[in-house]
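Please look over the sequence and the structure below before reading on.

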Amino acid sequence: MGKKTLVLYPSLVVGHLTPMVELAKALLRRGLAALIAVVDPPDADAVSAAAVARLAAANPDRLLPLPAPASPDVGVHPVRRSLDTLRLANPALRDLRSLRAGPGGVDALLLDMFCVDALDVAAELAVPAYFFFPSAASDLAVFLNLPYFYPTVPSFREMVRDAPVRCCPGMPPIRAADMLQTVQDKESEAAKVRLYQFKRMAEGAGILVNTFDWLEPTALKALHTGVCVPGRLTPRVYCIGPLVNGSNRGQSGGGGGGGGERHECLAWLDAQPKRGVVFLCFGSMGAFSAAQLQEIARGLESSGHRFLWAVRSPREEQSQFPEPDLERQLPAGFIERTKGRGMVVKNWAPQSEVVQHEAVASFVTHCGWNSTLEAITAGLPMICWPLYAEQSMNKVFLVEEMKIAVEMEGYGELVKAEEVKAKVRLVMDAEEGKTLRERLVVTKEMAFGGYQGRRVF
């Protein structure tokens, strides 16, 4: 009998492409054949285009390019546009020779969570379709239940910010303000698209989640007992993580550049004391206002600690100044005054290498799940600063349930320098920081036992 063949179908978001590539590598290590079908989007941004180009260069024999579909309506919400683009690619996906059941064909189709309309292609071709969920199992439990829960309550944005939302049975409450950003207004186009997406995910033969059993027992119990999807069977959930950016060393959830040369920030870290540096990095779309950059800089300077900080141009300037002007955008004299104990890099840092460096002691992060898993596998305590998508939900689980992080209070508004200083010192100096590090030692050990022996196909 020949080896089983799987076709992986990622969405258009780099933060979803990265872990799916790692999944393909894991499947290959287990003796399976893995092909990746990638849509050429009609309006790809530079980061996405660079990521797909790197994938094509590294995996020429495993990439199945799909031609760009007709461009969906201009002006619609990005979530709607993404799902429409992927739906319009269905004919090209259907025509792939590899995508046929039976001898010489494919044994299963692995869909990204945004590729729900590809379920129709899988059904037509009689190919089993599984979903790959690149975020936390805790997010998955809430998302699967949301289409049934949300019609019974007001929009989250209409609730008191701190009102506890008890969405999925068996899951801890989440503040209304921390629920998924794109569903805050239940009548919005984005919310309706996401609820459609979450409901269709339950049609899959199973869901592969980028997590490990020990990390999220509460969510996994809810998923396994079937309480998340009322009135029908919940698809079987498989923990296959942590899948982190390993061989393709670039910034998790983004990146670009890097090439084969070692980044200068790694040489700078080599000269720093062991566990002496705070690392600040906020993903491929993590940008702050000009005022917030000033506050972060002042907080880092007054903390007295060494730091490595990846800075993007302020949100309001990115279209005009994609390359940050550090002398203008940071406080006068900041670069000179912190020279030696601080380093600021423009736009991008090789995050997966940085978090593994022995000089790094803590990580100020946007709580994207790729970044979170990289921190966990490096044993780094996190200071959570959510910015978009489900990151506020991840913050809740990391701080309140897993207890491996602390919250940067005031996120979503202007976080003052005093708060930045206080949280850096708490994690680096205080007893609470020591407790976090001790718990991360255990969490890291459990992470590396997560994927061993698990079989899905």
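## A helix across a sheet

Helix H16 (residues 417-429) lies across E10, E13, E14 and E15, and runs at about 160° to E15. Helices (H or I, at least four residues) and strands (E, at least two) are DSSP runs, numbered from the N terminus, while axes are lines fitted to C-alpha atoms, for helices over the stretch in contact, with angles from 0 to 180 degrees between N-to-C directions.

This is a predicted model, in which local features need pLDDT of at least 70 and side-chain atom pairs count only at pLDDT 80 or more, although totals for chains, interfaces and linings use all residues. Residues are numbered from 1 along each chain as its sequence is written, and side-chain values use heavy atoms, with hydrogens and water left out.

## The sheet of six strands

The open sheet has 6 strands in the order E12-E11-E10-E13-E14-E15, with parallel pairing, where two strands pair if DSSP finds at least two bridges between them. Its edge strands, each pairing on one side only, are E12 and strand E15 (405-407). On average, and with direction ignored, neighbouring strands of this sheet are turned by 20° against each other. Helix H15 (residues 391-402) also packs on the sheet, where it touches strand E14 (382-384) and E15 (contact means heavy atoms within 4.5 Å), and its direction makes about 120° with that of E15.

Strand E10 (residues 277-281) and strand E13 (residues 360-365) pair in the parallel sense over 5 bridges, and Val 278 stands opposite Ser 362 in E13. Strand E11 (residues 306-311) is paired with E12, again in the parallel sense and over 5 bridges, with Met 343 in E12 as the bridge partner of Leu 308. Strand E12 (residues 342-346) is largely enclosed by the rest of the structure, because 4 of its 5 residues are buried, that is, under 20% relative accessible area, whereas exposed means over 50% and partly exposed lies in between (1.4 Å probe, protein chains only).

## A residue of helix H17

Val 441 is found in helix H17 (residues 431-447), and this residue is partly exposed, with a relative accessible area of 47%.
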